[in-house]
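Please look at the salt bridges and cavities of the model shown below. A short report on both topics follows the display.

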Amino acid sequence: MIEVRDLEKRYGDKVVLRGLNFSVADGEIVGLLGLNGAGKSTTMNILTGYISPTGGTIVIDGHDILKDPLRARRVTGYLPEQLAFYGEMRVGEYLDFVCDLKGYSKKRAARRSHLEEICERVGIAHMRSRLIRNLSKGYRQRVGFAQALIGKPKLLILDEPTVGLDPSQIIEIRKLIRDVGQESTVIVSSHILQEIQAICARVLVLHGGNIIADGAPDALTGLRRANNRLSVRVRGTMDAVQSALEPLGARLTPLQPREEDAVDLIIEGAAGRDLREDVFFALSKAGLALLNTFAGEPTLEDVFLRLVGEERAQEEGEP
């Protein structure tokens, strides 16, 4: 469905994308995962034809987006992170307007049937007569999703589709994405790890304009599975914990703290080394309480932090 080769994007001396290469098959739901500024939105804007690449080629459903942009856009639906609406328009009027923009069916009966099906699918059938400016954030997001589905696109591109939604709305949008993924190829951009893990069968991890990992979430976590790896929670400061564990010669990866006055981190030593007793005695000697420890399987968050940490170390010239 998508073939991307040597994709580059520069703004003057600033390099945003550095020769991206990836392909997406028909029917895949693929997540673009990365920190803010990693190049996710730039990649999506290029795929949709909103901005032009500095170099490289992109082919969507057999259409080169530079040589045949109109045909490439006709098979693509797009939900940007912040979709601009005409607030004074009613939902039905707005969707009919989008049909005009996309050139979808001038036959009124066919268009009406198509929009009714979409509105029912995204849960806004009872909102078609409401002014868009009076809708909640959740319903505006649904209207945005509806406009992306107009024309039955083969490719659906969603940029941060659940941003700003409450937990129940997030669950509903996730279900909708999975349903749509049964008929279309879907690319979802997010910096929320749980979002990608809950929706996508495949993940592309972007950092610094490069793809640093590509695979199924389970496969990526499997790459980092090892019996010499512990996740721990320790009462104290990160500086104190790092000082206590430094003699072990292990790699330490800080995680998001989940308890007040405590730190969470991953400790990884040489292959085959059992770190449990060494960690216990090192922390005990320093007077630091070990609150929790387990050699559980890594999460996608663990993998992401480790991959990004390795990339940063290489960029800084660290061993």
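The report takes salt bridges and then cavities.

This is a predicted model, in which local features need pLDDT of at least 70, side-chain atom pairs count only at pLDDT 80 or more, and totals for chains, interfaces and linings use all residues. Residues are numbered from 1 along each chain as its sequence is written, and side-chain values use heavy atoms, with hydrogens and water left out.

**Salt bridges**

A salt bridge here is a side-chain nitrogen of Lys or Arg within 4 Å of a carboxyl oxygen of Asp or Glu. The count by this rule is 16.

| Pair | Closest N to O distance |
|---|---|
| Arg 233 and Glu 259 | 3.3 Å |
| Asp 264 and Arg 233 | 3.0 Å |

Helices (H or I, at least four residues) and strands (E, at least two) are DSSP runs, numbered from the N terminus. Buried means under 20% relative accessible area, exposed over 50%, and partly exposed in between (1.4 Å probe, protein chains only).

Arg 233 forms a salt bridge with Glu 259. Arg 233 sits in strand β11 (residues 229-235) and Glu 259 in the loop between β12 (251-254) and β13 (262-268), so the pair ties together parts 26 residues apart in sequence. Glu 259 is partly exposed, at 31% relative accessibility. Arg 233 is buried, at 16%.

Arg 233 also pairs with Asp 264. Asp 264 lies in strand β13 and Arg 233 in strand β11, so this bridge ties together parts 31 residues apart in sequence. Asp 264 is buried, with a relative accessible area of 6%.

What is the exposure of Arg 276? Arg 276 is exposed, at 53% relative accessible area.

Elsewhere, salt bridges with shared partners join Asp 96, Asp 100, Arg 108 and Arg 111 into one network.

**Cavities**

On a 1 Å grid over the protein atoms alone, a cavity is a set of points where a 1.4 Å probe fits but cannot get out; lining residues have an atom within 4 Å of a point. Grid points are joined across faces, edges and corners, and a volume is the space filled by probe spheres set on the points.

There are two cavities of 30 Å³ or more. Helices α5 (137-149) and α6 (167-180) each supply at least two of the lining residues. The largest share, three residues, comes from α6.

How values were computed
1 Å grid on protein atoms, 1.4 Å probe; cavity = no way out; pocket = protein on both sides within 12 Å on 5 of 7 lines; lining within 4 Å.
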